[in-house]
Structures are given as structure tokens and as C-alpha cells.
Amino acid sequence: MADPKLQAFSQNFVRAQRQVYGYIVSQTPNRSDAEDLFQKTSLTMWEKWEQYDPESSFFHWACAIAHNHIRNFRRTSRRRHLALPDDLADTVGAAHMAAEGQLEARRDALQRCLEQLPNNQRQLVHRRYAHEGSLSDLAGEMGLTANALYKSIGRIRQALHDCINRRLQMERDS
Amino acid sequence: MTAPGDNIIELLNAVVDGYATSQQRTALYQRMRQEPKLVRLYADYTAVHAELLWQHRETSINQPENTRATTTPGRLKLHPAGWAVAAALLLAAAIWFGIRSDFTSHDQTDRPAPHVGFVTNTVNAQFAPSSSPVTLGGELTHEPIRLLSGQVQIMFHSGAVADLTGPCVFEMVGANRGKLSAGKLQAYVPASGKGFTVDLPGDRRVVDLGTAFGVMVSADGSAMVDVFEGRVRIEGAGEPRVLEAEQVVVLSDDTLRSIDPSQSVFADHHAYQRWKRWSEQAQRDAALLYYEPFVPGEVAGQMIGSPTWGEGRFTDKPALTLDGQNQAVAVNIPGRFEQLTLAMWVNVQSLDRPINDLFAADGATASVQLHLMHDGRFGYAGVGADQGRRVKLIGPDEMHRWIHVAVTFDLSTRRIHVYRDGELVHTEPIDATRNPFHIGSARIGNWDPTNYNHQGGTLKRGLHARFDELLILSRAATADEIRRIYTAGAPETSQAPASTAPSISLHQNLHQK
């Protein structure tokens, strides 16, 4: 179909979405905030697709658009206290972009680490992330106290994080 | 609740899970400022959180429809091939996350219709009034797309891309599956979309086995399947059958019969592929001085006056439209040459001026210039001859069609040869005193008269036309070569057999509610 430039943009769009989402979550970890910002970022990318220079990094271009929306969120949203402050947003954003080349390896490692989890822990991760309400509500549904749920989820997330780093270290050493 | 203490992981968990107090946030941020390594830890930790969020959106969207509204405890459904393969599936979440504004509903039974892809391009697309809104970048649901005319390109969550040509009725029934009720579809399936399925009328289907293919469903329910690359499997028409590249079949009732690819409604696509192969080869010619295939975003010359892109020789590739006013493409070809070949594909829209330039070196009278006179005669200047003006190249009824124009200049034989559509139409001698040919700075579709001193000459020479290719060689191509160049780049003109073309009977289908 006509306009291979637009086709190339579409492919870049598909490839970069996950990483851009990660960039936004790193600065606004709350799911609904991240979703709103991701929505705005995606729409802006489509509105400005012709301004993208194919010679430059699509991921960085997309992050720049996300950055502007996040900055606006920090200035105008009543929920701005949930976002990283300006100075840390810049450094965390830079760290996220600098790790672009490792994101795929970290995703692969996370997948393997998830598979190693005991069933009950894997199910807990699923329920936490598939649940769109508050964690307190989820704890109620599960017959747990909120504190117990937070602790369990926190321990599993830390285990996943440590597992990823161990795997990557093993790959570097091998 | 136990308040997290100074443990950095506890602080990170509190922030990620949304129960951190303002004091805890302040404590975390303060430590990150003091210990730069914690910035990396924070980025990695939130990346785990982000990936889990992302993955669970994909899981939700890729569940069968009857289970999508609820999530089942313990049903952690990772994509079988894992994250790497799932990269192309991320679009599901992209659209789910990225374009919905009402996604934050906590009641999963209230979820809107799932989105299974998005629109990546439209060309002159007109939709039936009953069709769902379709806009560039917009999400698509299971609602049928009823395309009256023009083209729409859609991308499935799997990464599979489908070009729809109207009139057409198509429905995305899943993240990697669609139903073509009528009209024409071309599919391009990356590895991540292997297994992409197009359902056809009569419980038949085409299943991708790693490929690109075209499908056309006629008004009578028969279907033509044409494999461009790779393989597909045809199901529901007798025994399943695997088709290879360049194979074309027609499915009618329960029968499947092979036909010659030249009879395919996708013959244009084959012509485009044939031209692309030739184009790659042509660019390796040692005598190549300049080659411009006119690909958007990759034009080698300097675009002047913001030319636009219009319909090209092939459906898959546009051409550059010059308005005949100030628009042009400026190029520079240094050197002097004993021989030259200039060959181009041009679609003339109008001949508004006494002289309309196809290609003209800037101003200087001793440089190569090719043009069309107002009555369609061909002309050249700066080459040591001018009898070519006697040649009628384009008749009044030949506007708006693609023609191939080629000229060779050869000082060793002292001849000029003019070809149209691969056939020699004129030859004449070159002035015996002629010096080697010079081009230098030049323009496609216009000229720069700045250095032109001839009193009374025609200064405005813009040609209103579409340009699809320009090849310049430092040798005189033979007649056989010119014929091969023409054949390799000729657009497909054959039309679909009447029995397989979408007919007016689609009207009811397109407009149904």
C-alpha cells in the first residue's frame, strides 16, 4: 500500500510501545495514571508522525513526547504527588532510555523467573496485576489483610527483580 | 498495616503498589538523590512492575472472547513463545492502554468491546454509513469495516498487516484472525503473526504459514487466493492444501482450481515485485549516474515547491506529482559523457505550456534537456540535434496513463535513439562537431532559467505530471536493454475477470446495519 514511510512508522510504533509504556510507568507507577499518559502519548505520536526523523531513535522520540505529557501531569493533576519529582524524573528517564538495549534481555529473564515461581506465588502475581481495583479490595476478596497482601506481593516482586539480575549476571559471566 | 522502614525495597514496593505515605515518598526520593545507584535500582524495579502490568493486558485481550470479561485466578496465560515473540503482540496492550479513555473502569463486566488492531494508513477511503469510524491510528474492534472505495491498511495485534481495497467488507475477529466477506485483501504476516487466518464465505479459510498473500472474495462467494511469498494452507475446500509462492487458486463451491498468475486480480502486486527485483539490480550497474525510484522519504534530489505523492504505476508504490508551476526535483550530475541514457516513467496530467520539461539541465544551452511540446511532440536540446521535435510522443487521449520514455545519445555512432514504451520511435544523427554531453545541476519536471539568456525564449516550462522513475546511465543502452527496462517496470493493466470482480451486489452487504 502507498506511503512506505507511514508503514515504517507503524512498525516502529508497534515495536516501541512496550518500552514507552515502561518509561511512563517508571515515572508514574500508578496504573490508571500510566494508562492515561500512555493514551495521550500514543495519540500525540500519531498526530505528529510526519515529524519523526527516521534517522533518529524512535524510542527516544516517543519518550520525549511522553516526557512532555508526564511533565504536564506533574503540573496540573491532583494526583501529581504520585509521580516522581522533576529532578528525579529526568534522571530516571535517562536511566530508562540508556537501558534500551537491555530491555529485551530483562523481559526474557523475567519470563523465565516467572516460570520458576511456585504456583501459588505465580497465581498471586496474576491476581494482583489482573485486578483493576484497589489492592485493599483484592485483599478482601482473597480473605487477607491488606498488609499481608502487600507484603506477599512485595516479596515476590523483589524475588523476581533479584532473579532477573542473577540471570543476567550469569549470562554475562558465561 | 506495617509501615515500611528504611529498607529501600520496602519503600519501592510501597510506591509501586500505591500505599506509600508522603513521608515514605520523600524518604525514597531523598535517598535516590544521595545515592545515584538507587536511580538504576528504581528504574529496574519499576520496569518489573511495568512488564507485569503490560503482560496482563495482553493476557486479557488474547483470552477467548467468552472468558475475556472475567479473569480466572491462577490462569496466568503467558504467550507460548514468551516475551520475545510477544513483542509484536504488544500492540494489543498499546491500543488497550493507549487509546481508550474509559479504561479505568474497575468493573470488568463493563469493559468496552475489545480492540484487535488499529489503522495504519488510508488512501481515499470512503466507508459505508453503517461502518464504524475508521481514522488513521484509530483502534478497531470486532465491528465490520465496510469500505466503499479507496484503501485502508490495518495492523492486527499479532503484527499481521492487511491492506483492504474497496469495495470490501472485512471483520477483525481476533488478534490474529479476520473474516473477509467481500472484496480484496492483501496480507503481510511477520513471524510473530504466523498462523494469521482469513475466514472466507462457505466455512473456508486461508491460514498463513509465514507469508504474504492476497485474497479476493467475489459477489458469488467464490474466492481467489494468491501467494506472494512463503506458504499458506487452504482449509474447508476439500482436503487442506498448501500453496507456495506464485501459486494462485480459485475456490468455488467445494472445488479448488489453479489458475495462471497473470490472471490473478493481484497481478499488479506481482508486477511491483518484478519491478523491485529489477530496480535492485539496476542500482548495481557500473554505468549508473543517477537513479531515482521516487520512494517517499528517500528521494535523492532536492524537492522544490513541496511536491505531493499520488497514485503510482503500482498499487504498492506512490509516484511524485509535480504541479507544472514551480515544483521540481533538483539533482546534480557532474561530468562529461560520450554516451548517455535517460529513461523515465511519467504520467502526464496536462501540457499547459509551449515547452514542458521532463528533465532539464539548468539554463546553459549546451546541456541536456528533454521536454514535451504542447501538442505532445517530444523534444530535446543541448545534444547536437533537434529533429526529435517531429516525433509525436503523447496523443491528446494519452494523458493520465503511464508511459516509458527513453533516449540514448551516442557520440561514437553519432546517433540519438528515442523509445516509447520499449519501442524505438525515432532516430537521427548528432552534429559531428558535438562535444561530450554535460548535465551538471538539473531539474526533473521543470528547469531553472536563471542562466538562460536567449531573448524571447520560453521561461516557464514546468510539466504537470507524475514521475515514478528516472534512470541515467553513462552509456547508450541497446534497444534490447530499453525493452527489458520497460518490461520490468511496466504496470499491470489486465483487469480481474468479470466473474471474480466485486460487483454492485456488494452494495447491500456494504450498507447493511
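**Figure 1. Disulfide between A:Cys113 and A:Cys163.** In this predicted model, the sulfur atoms of A:Cys113 and A:Cys163 lie 2.0 Å apart and form a disulfide. The torsion about their S-S bond is about -90°, so the disulfide is left-handed. A:Cys113 has a relative accessible area of 2% and is buried. A:Cys163, at 8% relative accessibility, also counts as buried because the limit is under 20%. A search of the whole structure finds one disulfide over all chains.

**Figure 2. Two further buried cysteines, A:Cys63 and B:Cys168.** A:Cys63 counts as buried, at 1% relative accessibility. For B:Cys168 the relative accessibility is 1%, and this residue counts as buried.

**Figure 3. Nonpolar cores of the model.** The largest nonpolar core contains 87 residues. Those with the most contacts inside this core are A:Phe9, A:Ile24, A:Phe58, A:Leu160, B:Leu28 and B:Met32. Helix H3 (residues 37–62) of chain B gives the most to the core, contributing 11 residues. Apart from it lies another core, of 45 residues, which includes B:Val346, B:Val391, B:Ile416 and B:Leu470.

**Figure 4. Surroundings of A:Phe9 and the aromatic cluster.** Leaving aside neighbours within four places in sequence, A:Phe9 is in contact with A:Met45, A:Trp46, A:Trp49, A:Tyr52, A:Phe58 and A:Trp61. One aromatic cluster is formed by A:Phe9, A:Phe13, A:Trp46, A:Trp49, A:Tyr52, A:Phe58, A:Trp61 and B:Phe118.

**Figure 5. Aromatic pairs in chain A.** The structure holds 28 aromatic pairs over all chains. A:Tyr21 and A:Phe38 have ring centres 5.4 Å apart and planes at 90°, so this pair is edge-to-face. The pair links distant parts of the chain, with A:Tyr21 in helix H1 (residues 4–27) of chain A and A:Phe38 in helix H2 (residues 31–47) of chain A, 17 residues apart. Both A:Tyr21 and A:Phe38 are buried. A tilted pair is formed by A:Phe58 and A:Trp61, at 5.5 Å centre to centre and with 50° between the planes. A:Phe58 and A:Trp61 are three residues apart in helix H3 (residues 58–76) of chain A, so about one helical turn separates them. A:Phe58 is buried, as is A:Trp61.

**Figure 6. Helix H6 (residues 119–130) of chain A.** The helix has 12 residues, which should span 16 Å at 1.5 Å a residue. The C-alpha atoms at its ends are 16 Å apart, in agreement with that expectation. Buried residues in H6(A) are A:Leu124, A:Val125, A:His126, A:Arg128, A:Tyr129 and A:Ala130.

**Figure 7. Arginine charges over aromatic rings.** The charged end of A:Arg128 sits over the ring of A:Tyr129, at 4.3 Å from the ring centre. Both A:Arg128 and A:Tyr129 are among the buried residues of H6(A). In chain B, the charged end of B:Arg461 sits over the ring of B:Trp447, 3.9 Å from the centre of that ring.

Methods:
Residues numbered from 1 in each chain as written. Chains lettered and ligands numbered in written order. Predicted model: local features only at pLDDT ≥ 70, side-chain atom pairs only at ≥ 80, totals over all residues. Heavy atoms only, no water. Core = buried A, V, L, I, M, F, W, Y, C linked by side-chain atoms within 4.5 Å. Buried < 20%, exposed > 50% of the residue type's maximum accessible area, 1.4 Å probe, protein only. Helix = DSSP H or I, 4+ residues; strand = E, 2+ residues; numbered from the N terminus. Contact = heavy atoms within 4.5 Å. Expected span 1.5 Å × (residues − 1). Phe/Tyr/Trp six-rings, centres within 6.5 Å; stacked < 30°, edge-to-face > 60°. Lys NZ or Arg CZ within 6 Å of the ring centre and 35° of its normal. Disulfide = S-S within 2.5 Å.
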